[in-house]
Each structure stands twice: as structure tokens, then as C-alpha cells.
Amino acid sequence: MQHSTLAARVDASLFDRGDMSFIIVAGAMVSFMVPGLAFLYSGLSRRKSALSLIWAVSAANAVVIFQWYFWGYSLAFSTTATNGFIGNLARFGLMDVEAEPSPGSPLIPEILYSFFQMEFACVTLAILMGGLAERGRVLPAMVFTFAWTTIVYCPLACWIWSVHGWAFKWGVLDFAGGGPVEIGSGVGGLAYSWVLGRRHERELLNFRPHNVSLVGLGTFMLWFGWIGFNGGSAFGSNLRAIFAIWNTMIAAAFGGMVWCLLDFRIERRWSMVGFCSGTIAGLVAATPSSGFLRPWSSVIVGILSGGLCNFATKIKFLLRIDDALDLFAEHAVGGIVGLILNAFFASTSIIAMDGVNAGIPGGWVDHNWKQLYIQFAYVLATCAYTFVMTAVVAKGIDLIPGLGLRSTPDGERAGMDEVEIGEFASDYIELRRDVADCSTFGFPRQEESPFKEFKNGDATNERHAQDTVPNGHHHQSEEPLEPISEKPENGHATS
């Protein structure tokens, strides 16, 4: 026992504590992106399905942590598998993942590397959960999460980050996950939405975010986490990490400004959702590129990602795939932009600033002309594999009795929060309960209250109470209101 403890101390002495501390903090920052995505998706959806997306993102995070511990890390990074496609089970259950130098960088121990990479997988699946928007059931989505991480994400990670991966050996430049994270989630989300099918036409009419404040909050939580996402991918507190952080900030800023300007030319309004969308597009494009470029190049990355991702939001209409939260336009197209621009602007001198990767050829700025077709082939391979395998996995799960991916038409009309969760992200005020002391709001006291004709828990009547409220608007139709996200006192939604 004393011998093993001494050996562990000796192994730990091989690593700089500053590097390890930096990656621990960076990993924690990446984990903060998960609630950021939850808030973002909640704000972008309708009120009646907002909480179901928060639940799906949160639960997918837990499923991925289990999968990564169980066999995910081994399938992506085991060093004894040499097929170039996927790892083996030599690191099953994190066996022997301890204080040896990691397969990704000699600067940190493998146990820390496995944690940091796990957070990347968690964020990828959190992004992909946006494909459920307003019609997907959450239990089958969790089964899908485990299967997709195993069959799609682990091979993609092995290709580019394992020392035996075919893309790694071929010289593909992908710094922090343009393939596994961005194309994986964006193209995977498109395929998942395709299998789910389009929402009913009435649900597509007048669709707009229900809480733009949450969209802004989620975006800036993501931006904060992305600093650790990209900066930490240098695997140490070194100059390359600083360049990665600077490039991340520049690309995000220019992406947000360009998208907002493009929306202004049509709407003549300065859209907050548009600014947030462009910011995320810039962050996505910085993911594969930030550790390879000089800062001036990231200005181009931000401008092109903000513009191209904005225009790419029209692709779903051409394909007639209901990608409700624009996962493909934001993540897949943004990741592709960053990967292709690496072929032009990647710099050997920036790559070498981590003190480990000296001599890796850059792009056209270093006269490495062949890098363009290498990057292009990698993009095609990751897109094709992700779409086909995601569709196969999703359809296979959908065919299992009890695991149908989509809710019923009645469930979609009522909202996923009502039928799947039983709780609501932002419930409506129940007038009978919360306005009982009407004098507080300037109304007559309860004995004189205009609400006195309504029964306890009568949600239908309570909704029509606004006809008697001062300055209220009268309904022009006698038809019942559409279902809304509400949980009356009797526990049943009414319409």
C-alpha cells in the first residue's frame, strides 16, 4: 500500500500543478455550458414545452457521464486499439486510468484528461437535445443519448483525437471538436428532427421565443464556458491557450454583430435573438480553429460564420426538416466554416506555442496547399457518418414498443411540459389563489371581487376573468382558449 502511494506521488510530480489546475477549472467552465444550453433552449421554445427541454438537457448530461465512465472513454481514447475508427474496452470503467500522461497531451494525467473530454461529450448531447423541441418524448431520448454517444460520438472523437485515429494520422486540423462536437450535434440534430417529423402546421404558425431574457442569459453562460472549452483544449496554462481564448472572443463578437446586422436589413429592429444566434455561430466556428489561428484570422472566422450561419437557417425549409432550434445552421455550418478556414489560416507557430506540437504543418499561410482537401474530406466524412448513423439509431429506437420518439398529437397540442414533466418552467398565475386579496392590486375586496362567481380550481373560468379586470381585453370569440402551460389546483389542464 505504501509502495503504490509513493508511486502515485512520483507520477504526480511529472505534471505542472498550474497546468492541472487550469484544466480542472476549464472543465468546470465547460460543465457550466450545460445549464447555459438548458436556459437557451427554454427561452427559445414555447412556454408550454420549455421545461421539457431543460429536463432533457439535464438528464442527458447524467446519462453521458455514466456512459463515459462505463465505456465511452475507452471506446474513444484507448491506446491499444489501432483500427483508426473506434477504441476497445481496455479502459472499461476507467480501469488503469490514473496518473500516466494522457493520450491527448503529456502535460496532464490521464484521469484529468478523461474528465475534461467527458465534459465535451456532455455538451455535445446537450446541444443535440434541441432536436426534441415541442414534440419529442424524453424517455426514448435518454435511450437514444446512450446509444448515440456510443455509436456516433465515440468514433468521431477517436478519429480526430486518438493517436491511432485515421483523421489524426492524416493531419486533419480540428482543435476543440469541429467534427465530434459541432458537426456531431448539428448534423445529428438534423437527422433526429427528420426522424421525428415536422410539427403540425398550427404549431409552426407564429412560432417565437417565449423568453428572450433566458436566451440572452443562456448565450452568455455559453460564452463564459466556451473560454474554458477552447482555452482548455491547449491542455495547459500556456501561450496557445491564450491565443485560443483571444480567438474565441473575437470570433464570437464579430459573429454576433454580423448576424444582427443581417437581421436588421429585413426587420429594421436590433434583434436580441439575432445577436445571440450570431454570437453562438462565432463560438462554434472558433471551436475547431481557435488553437491554430492568429487573432486577425478570427475576424474573418467571425464574419463568415455570422453570415453563412444566418443564411443557412433557410436550408431547413428547402429540406422540409423541422429543425426547430436551428442546430444544423448554427452548429454544423459553424463547425464546417471553422474547419475549412483552418486550411487557409492555420499557423505552425501558433500550434507550437503549447510546447508540445512543434513542427505540425499549418495551412495556406504556411504554404501547405494540400490542407484544403484534407479538411474538406474530413468534413464530408463526419457529416455523412453522423447523419446516416444518427438516423439509423433514432429509427431503431423509435420502432421499439414503448419507446416511440414522438408524442401524440394531443400531447403536442397541450405541450410537452404537461404530458411529459407535469411541471412548468413559468406557470401562469392562478387568479383565484394569488389575487385572493384583490385590494392589494387595486381591485375591490374579496366580498366585492369580480372573480367571486368562479369556483376554486376552475382554470377555464379563471382564464376568462380578464374580461372583468380593469383595462382587460374582451374576447371576440366564444370558442375555448388554446391549451396553455398551466397547472390548476385540480391538477388537470383544461382548454
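Predicted model: local features only at pLDDT ≥ 70, side-chain atom pairs only at ≥ 80, totals over all residues.
The largest pocket has a volume of about 1,100 Å³. It is lined by 36 residues, and those closest to its centre are Val273, Thr313, Lys316, Ala324 and Asp326. At least two lining residues come from each of helix H3 (33-44), helix H11 (239-267), helix H12 (272-289), helix H14 (315-319) and helix H15 (327-345). The largest share, 6 residues, is supplied by H11. By class, the lining of the largest pocket consists of 18 nonpolar, 7 polar and 11 charged residues.

The second largest pocket has a volume of about 630 Å³. Its lining has 33 residues, and Ile160, Phe168, Phe292, Asn357 and Ile360 lie nearest its centre. Two or more residues of this lining are given by each of helix H5 (110-128), helix H6 (138-161), helix H7 (166-170) and helix H17 (371-398). H5 gives the most, with 4 residues. The lining of the second largest pocket comprises 21 nonpolar, 8 polar and 4 charged residues.

Charged side chains also pair with one another, and the count of salt bridges comes to 10. In one of them, arginine 91 meets glutamate 110 at 3.5 Å, N to O. Arginine 91 lies in the loop between helix H4 (50-77) and H5, whereas glutamate 110 is in helix H5, so that the pair links distant parts of the chain, 19 residues apart. Both arginine 91 and glutamate 110 are buried.

A further salt bridge joins aspartate 354 to arginine 240, with the closest N and O atoms 3.1 Å apart. Because aspartate 354 is in the loop between helix H16 (348-351) and H17 while arginine 240 is in helix H11, this pair ties together parts that are 114 residues apart in sequence. Buried means under 20% relative accessible area; aspartate 354, at 8%, is therefore buried, and arginine 240, at 5%, counts as buried too.

Aspartate 326 lies in the loop between H14 and H15 and lysine 316 in helix H14, 10 residues apart. Aspartate 326 is buried, with a relative accessible area of 18%, and lysine 316 is buried at 16%. Elsewhere, salt bridges that share partners join Arg46, Glu134, Arg135, Arg199 and Asp322 into one network.

Methods: Residues numbered from 1 in each chain as written. Heavy atoms only, no water. 1 Å grid on protein atoms, 1.4 Å probe; cavity = no way out; pocket = protein on both sides within 12 Å on 5 of 7 lines; lining within 4 Å. Points joined across faces, edges and corners; volume = space filled by probe spheres on them. Nonpolar A, V, L, I, M, F, W, Y, C, P; charged D, E, K, R; others polar. Salt bridge = Lys/Arg side-chain N within 4 Å of Asp/Glu carboxyl O. Buried < 20%, exposed > 50% of the residue type's maximum accessible area, 1.4 Å probe, protein only.
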